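Please keep the sequence and the 3D view at hand while reading.

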Amino acid sequence: MKLIFKYLKPYILTVLVIIGFTFLQVQTELALPDYMSDIVTNGIQYGGITENVPSVIMDNDMEELLCFMSEADRDYVLGKYDLLKTGETVKVNDKEYELLYDSYVLNEGEDTKLKEIFVKPMVYAYSLKEVNLLVTEDNAAEVMKSLDEQLVGLEDNYTSMGKLYIQSVYGDAGIAIDEIQSGYIFKSGIKMLGVSFLSGMLALVSTYLAIKTATGVAATMRKDVFEKVESFSSSEFSTFSTSSLITRTGNDVTKIQNLVQMMLRMMLMAPLMGITAIFKVAKYPQVSWILLVAIGIMLATMGFLLMVAFPKFEKIQKLVDKINNIMREYMDGMLVIRAFNSEKIEEEKFDKTNKEQTAIDRFVSRCMGIIGPVMTIIMNLLTVFIVYISAYQIDIDAMTIGDTMAFIQYAMHVVMSFMFVTMTFFMIPRSLVSAKRIRQVLDTENTINDIERPEVLPEENGDLVFDHVCFKYPGAEENILEDVCFTAKPGETVAMIGSTACGKSTIIKLIPRLFDVTEGKITYCGHDIRNVAQKQLHEKIGYATQKAILFTGTIESNIKFGRDVNDEEFNEAIDISQSRNIINEKEDGINDKITQGGTNVSGGQKQRLSIARALAKKANIYIFDDSFSALDYATDKKLRAELNELIAKTKATVFIVAQRIATIKNADKILVIEDGKIVGEGTHRELLENCKVYQEIAYSQLSKEELENARA
Ligand SMILES: Nc1ncnc2c1ncn2[C@@H]1O[C@H](COP(=O)(O)OP(=O)(O)OP(=O)(O)O)[C@@H](O)[C@H]1O
Ligand SMILES: [Mg+2]
C-alpha cells in the first residue's frame, strides 16, 4: 500500500478532484430517490398540490370553512383573502384562469398561522364532501363535535385530507387540476433528469481522471522497475529469474493499475454512498431496522466466504509465476524439446501446474460466484419486508408511498455499497501480492555502485593491472579466481587459454565491473576501477561477449548500437570483423532485418557482427571472449591481421580468450589459466619451453612440424 501511495503522490491534485467529484456524484445520485418520492407523493398522490391552504376558493366553500373557525381566526383569514367576481382572472402556479364563480383569492403567500388555522376546518369540510349537509354558524359546533368523534385516531391523515380537499375546491372554482398535476410532474421530472445528467457527467469525468491516474502510476512504476533492472549487475539478476522479472514489469504492474483505478472509483464511492444512504434511511426509523438485519446477514456471508478464499490468493499468484516459467522455458527450448521428442514430458509438467491452478481458480470463483445469488436473495427479501412493514406505516400515514419507494432505493444503495466494500477485500490482497513483488525488485540493493566522487580516467590508454585478484561468485562457497596477477600494456594483445570452466570469462567480466573483485584490486591507468564511474569505464571498453547477442533491428542498428559512429569507423569495423560478405549476401545490406535474439543469422555471423559492434566503438580496451571460435582458420587469420593493424594505430589493449593455439600464438602475452589460477605467462615460444599445461594444449592441437617451427 505504501508503495502505491508513493506513486500516487504526483497525482495528489487529481486525486482530490476525483474525491470531490465522487462526493458530488454520490449526493446527486442519492437525491434521485427523493425526487422520485416527491413525484409519487406530491405529484401523483396529492395531485401536484404543494400548498397547505387553497390559494383560490369558491365563496360557498370558504363560507363553510369559516363556520369551523373562531371569530379571531375568521378575521385573520379574511384579511388574507380578496373576494373576486366571476369572470375575473386569477393566477395559480403561473397559469391564468377565469373564475367560474365568485371566489376568495389569497393575496400574499401562505404563512404558518394561516396553515394552522386551516388544518382542522379543511378536514371537517373534506369529511362532509360526500354528505349533503349545509353547515351554518348555528349547527357548526354540533357538526364539529360529531365529526371529532369519527376522526379519532386519524390525526396522521390530516395532511393528505387537506391536500385532497384543496384539490376538490380548485375543481369547484374552475381551476384545471390536471394541468396543475402534469405541470408539477413535468417540472419535477425535468429537475430529476438534470440531476441524473449531472451525476452522469460527474461519473464520466471522475472515471476519466481515475483511468488517467491509474495508467500514469503504472507507467511510472514500469519505468522504475525497468530502470532498476537495467542497473542490476549479474549477481542481482541471479536473484530473480528472467521470466519473473518480465511478469513483474507486465502482469504485476497491470494488477496495481487495476487496483488504483478501483480504489479511485469503487473504493471511494462505495463507502461514501453507503454512509450518505444510511443518513437518508435514518429518516425512516420505523423500517430501517430491517436494513440493519439485512446488512448483518450479508456481512456474515461475505466474511465467511472471504475467510475461506483468502489463503488461496497468494498461492494463485505463485502458480501464475510457475506457469509463466514453464511457458517461457518451453518456448526458449522448443527446438531442443522437439529434437528430443520430449513434448510429452513438458506437456505433463504444464498440465500438472495448470490443473492445480484451475482447481484453485475454480474454488475462488465459486466463492465469488455465491455472492451474486446471495445478494439477490437478500435484496429481494429486503424489498418484500420493506413493503410489508411500510404498508402499515402508510396506512397510519406515518410514511407515504413515495417515501417507501425512496426507502427501498436507499436500502439497495446501502446494501450494494456494503457488497462493494467487501468485494474490495477480495481484490486488495491479490493486488498487494503484486505490489510486494514489485517492491522486491525496487528495493534490491545494487552490489556494484559508483562511489560518491569518482576518479576521472585520462584520455589516453594506460596499463591495466590485475593485482592479486581473488574472486568468488555471490553466494558461492569457493573462490573461482585465486591470486590472479598480470599487467596489460597499451598496444599489447593479451591472450588467455585454458580448459573449459577454468575461469577465463570470469577474469574478463571483472574488467568492465560486471562483478567486483572479492580480494585484491584491478587498476587502470593507476586508478582502482572501483573508484571510477562505471559509465566512464564502460566507455573505454569494447566488449564482445562469449555468447554473441543481437537485438531486434537491422544489421546497422546492431553495430552502431545507439552510438554516434561515423561512416569510416563503421566500415572499418565491418571490414576488420570480416562481416562484409554477410552484408553483401543480404538483400537489404546493412538495413537487413535482425529478428529477436538474432535467430535469422548463423552462429558465426552473429559472432562477427558482435565483434563489429565492439570494434565500432573507439575504445582503449577491446575484449573478445572466445569470439573467434566459430570462424574458419582463414577468416580468423585475416581478422587477427587486420586487428593488429588497428592496435598498432590506436595503441589499444586487446584481450583475446580462445581455445585454439593458432588464434593466440602471435599474442604479446599469453596467460595460461587452470582452476582459476595463472599457471603460465609469456609468449607462445616461452610457454612451449616452460609451461606444462600450455605444452599439453599445444601438443593436442598443433602438428609436430608446427611445433618444431615454433621452437626454431
Ligand atoms: N554467474 C555465475 N554464478 C556462479 N558461478 C558461475 C557463474 N558464471 C560462471 N560460474 C562458474 O565459474 C567457473 C568459471 O566459469 P567461466 O565462465 O569463467 O569459465 P570459462 O573459463 O570461461 O569456460 P569456457 O571456456 O567454457 O567459456 C565455472 O565453474 C562456472 O560454473
Ligand atoms: Mg568462457
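Leaving aside neighbours within four places in sequence, L106 is in contact with V53, S55, K80 and Y81. The model in which these contacts are found is a predicted one. L106 belongs to strand β5, which covers residues 103-106. Is L106 buried, partly exposed or exposed? Because 19 other C-beta atoms lie within 10 Å of L106, and a residue needs 20 or more to be called buried, L106 counts as partly exposed.

Once the neighbours within four places in sequence are left aside, its contacts are D450 and P454. The table sets a C-alpha separation for each of these two residues beside the separation along the chain.

| Pair | Separation along the chain | C-alpha to C-alpha distance |
|---|---|---|
| L106 and L83 | 23 residues | 9.0 Å |
| A533 and F561 | 28 residues | 21 Å |

The partner of β10 is strand β9 (residues 519-524), which runs antiparallel to β10 and is joined to it by 2 bridges. In one of the bridges, Y524 is partnered by H527 of β10.

Another antiparallel pair is made by strand β16 (residues 669-674) and strand β17 (residues 677-682), which are linked over 5 bridges. These two strands form a hairpin with 2 residues between them, and D675, which lies in the turn, has a positive phi of about 50 degrees. E674 has K677 of β17 as its bridge partner.

Among the helices, α8 (residues 177-231) has 55 residues, and it reaches 80 Å from its first C-alpha to its last, which is close to the 81 Å expected at 1.5 Å a residue. Its buried residues include I180, Y184, L202, A210, V217 and V225. Against which elements do the buried residues of α8 pack? They pack against α1 (2-8), α2 (12-45), β3 (89-92), α10 (242-281) and α15 (401-442).

The largest nonpolar core has 65 residues, and A495, Y622, I623, F624 and I656 are those with the most contacts inside it. Helix α21 (residues 603-615) gives the largest share of this core, 5 residues. For F624, the contacts beyond four places in sequence are A544, I611, F655, I656 and V657. Apart from this core lies another, of 47 residues, with I18, V225, A277 and V441 among them. As a general background, nonpolar side chains tend to be buried together in soluble globular proteins.

Finally, ligand 1 has 13 residues around it, of which Y473, T500, K504, S505 and T506 come nearest. The shell divides into 5 nonpolar, 6 polar and 2 charged residues, and its largest share, 3 residues, comes from helix α16 (residues 504-510).

Terms used: Residues are numbered from 1 along each chain as its sequence is written. Chains are lettered from A and ligands numbered from 1 in the order in which they are written. This is a predicted model: local features need pLDDT of at least 70, side-chain atom pairs count only at pLDDT 80 or more; totals for chains, interfaces and linings use all residues. Two strands pair if DSSP finds at least two bridges between them. Helices (H or I, at least four residues) and strands (E, at least two) are DSSP runs, numbered from the N terminus. A residue is buried if 20 or more other C-beta atoms lie within 10 Å of its own, exposed if 12 or fewer, and partly exposed in between; C-beta atoms are placed from the backbone. Two residues are in contact if their C-beta atoms, placed from the backbone, lie within 7 Å. A nonpolar core is a set of buried Ala, Val, Leu, Ile, Met, Phe, Trp, Tyr and Cys residues joined through C-beta atoms within 7 Å. A residue is near a molecule or strand if its C-beta atom, placed from the backbone, lies within 6 Å of it. Ala, Val, Leu, Ile, Met, Phe, Trp, Tyr, Cys and Pro count as nonpolar, Asp, Glu, Lys and Arg as charged, and the others, Gly among them, as polar. The expected span of a helix is 1.5 Å times one less than its number of residues.
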